[in-house]
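Subject: The structure we talked about

Hello,

Here is the structure I promised to pass on. Have a look at it first, and then read on for what turned up in it.

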Amino acid sequence: MSEPEVAPPPRVSRFEANLLNILRFFLRRLTVERAGRLIVQECPPPRCLTRAAVTLAQDMLAKGCTSLLAHAGGWRRERHLRGNQVVTGRLWERTDPEDLGLTFSKETLDFLIWVTAEDLDAKKARWWSPADRALTLGDRVLLYYAYGALRETSVGPAAANKVVFATHALCRLAYPEDFGKLTANFESSFVPWTGGVGACILEALQGELAERWLMVERRKVQIVTWQTMQALGRSQGQALDAFFTALEASGRRDLARFLLVTLSRLLTEDATAQRWLDGVQDRGPTMAERVQTGRAALVLLRQLQRLRRWAQAARTVAFFEESYTASQLWKTDWEHGQGDVLHARAEAILREVEPL
């Protein structure tokens, strides 16, 4: 019996092969050692991509983003809001799979062509900057993963100061340590991430965000200058303030659950302010600067005051009010995470750095 014929793999040009490998790198399927050189070499683009290359890119995007989100936390059985109800299950059980689809526009392909063609290490590199209104949620998801990959290369510091990433709310939330030295006032909106599929993505990323914030907080002890500490605290504060404002407007306080997880691992019984400030050799030349340095180091702990107000407000919501279900879910999260205990520990640590 003869073997069935197997279609040969589609043939693509060198430029297209580089583009597909860079996309694999962004989707965490290729190491920085193998893909890093492709980011920093100039490669003239063709007039247009072949249908074979576009089809391969589409397939990689569809499968790659879905796989990343599923492995990040979509597989976990969690409780989250769906309208006025709390639904338990894995992400695709909480939401109809047909409602979880990501759409990628031509902006994604333009971005991939740009990053393949441009030498991003060049001083005069032309950075890609799309009109924000043209981006779909799928485009934004890819840019989030692209930034996470680029920051591991030599172009990471430059990427953080570019509009495409500095205005990306999810990048600002996940990597606050990278945006402390922004040379301009970039505004970012969390509105796309607090409703619909965007909120589902944040649900899946809860574990990843918790690990990132835990890493940032634990590394503060390695910071030696007060300027660096203040810059980091300012970046964290900006991201969290915009995030909380969007959660309050959408009623999706459950999307802040990762912060309770982070704080529960940081605020152990023996925690003191030195856990954050021990590495800073000089907190500043004036009393005001020294106080500001302490506040910057403990900016995450200060957020417990706002989270506690959410829990207090939840206790006053009557069962017939529209926000009752959402408020009770946050109340449950707060109690399950021992929020009152964490708040008391945080307040004791905050008092260590206040002059009065």
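Let me begin with a question: which residue stands opposite Leu81 in β2? That residue is Val86. Before going further, please keep in mind that this is a predicted model.

**The hairpin**

Strand β1 covers residues 78-82 and strand β2 covers residues 85-89; the two run antiparallel and are joined by five bridges. Besides the pair of Leu81 and Val86, you can find Glu78 with its bridge partner Gly89 in β2. β1 and β2 make a hairpin, and two residues lie between them. Gly83 sits in that turn and has a positive phi of about 65 degrees.

Most residues other than glycine have a negative phi. You will find Arg28 in the loop between α1 (14-26) and α2, while Gln338 is in the loop between α18 (324-336) and α19 (339-353). Arg28 has a relative accessible area of 45%, so it counts as partly exposed. Gln338, with 52%, is exposed.

**Val32, at helix α2**

Val32 belongs to helix α2, which spans residues 32-39. Its relative accessibility is 30%, which means that Val32 is partly exposed. If residues up to four places away in sequence are not counted, Val32 touches Phe25, Glu152 and Thr153. For a sense of distance, Val32 and Ala239 are 207 residues apart along the chain, and their C-alpha atoms are separated by 28 Å.

Is His168 buried or exposed? It is buried, because its relative accessibility is 6% and the cut-off for buried is under 20%. His168 lies in the loop between α8 (163-166) and α9 (169-174). Setting aside neighbours within four places in sequence, the residues in contact with His168 are Arg140, Leu143, Tyr144, Ser188 and Trp193.

**Helix α10**

Helix α10 runs over residues 196-204, and eight of its nine residues are buried, so the rest of the structure largely encloses it. The buried ones are Val197, Gly198, Ala199, Cys200, Ile201, Leu202, Glu203 and Ala204.

**Two helix pairs**

Two packed helices are described by the angle between their axes and the distance between the axes, and I have put both pairs in those terms.

The crossing of α12 past α15 is left-handed. Trp226, Met229, Gln230, Gly233 and Gln236 in α12 meet Glu289, Gln292, Thr293, Ala296 and Ala297 in α15. Here the contact is made up of four nonpolar, five polar and one charged residues. As you follow the residues along a helix, remember that an α-helix has 3.6 residues a turn, so residues three or four places apart point the same way.

One more residue of α12 is Gly237. With a relative accessible area of 22%, Gly237 counts as partly exposed. Gly237 and Trp75 are 162 residues apart in sequence, and in space they are 30 Å apart from C-alpha to C-alpha.

Technical notes
Residues are numbered from 1 along each chain as its sequence is written. This is a predicted model: local features need pLDDT of at least 70, side-chain atom pairs count only at pLDDT 80 or more; totals for chains, interfaces and linings use all residues. Side-chain values use heavy atoms; hydrogens and water are left out. Two strands pair if DSSP finds at least two bridges between them. Helices (H or I, at least four residues) and strands (E, at least two) are DSSP runs, numbered from the N terminus. Buried means under 20% relative accessible area, exposed over 50%, partly exposed in between (1.4 Å probe, protein chains only). Contact means heavy atoms within 4.5 Å. A crossing is left-handed if the near helix is turned anticlockwise from the far one by less than a right angle, and right-handed if clockwise. Ala, Val, Leu, Ile, Met, Phe, Trp, Tyr, Cys and Pro count as nonpolar, Asp, Glu, Lys and Arg as charged, and the others, Gly among them, as polar.
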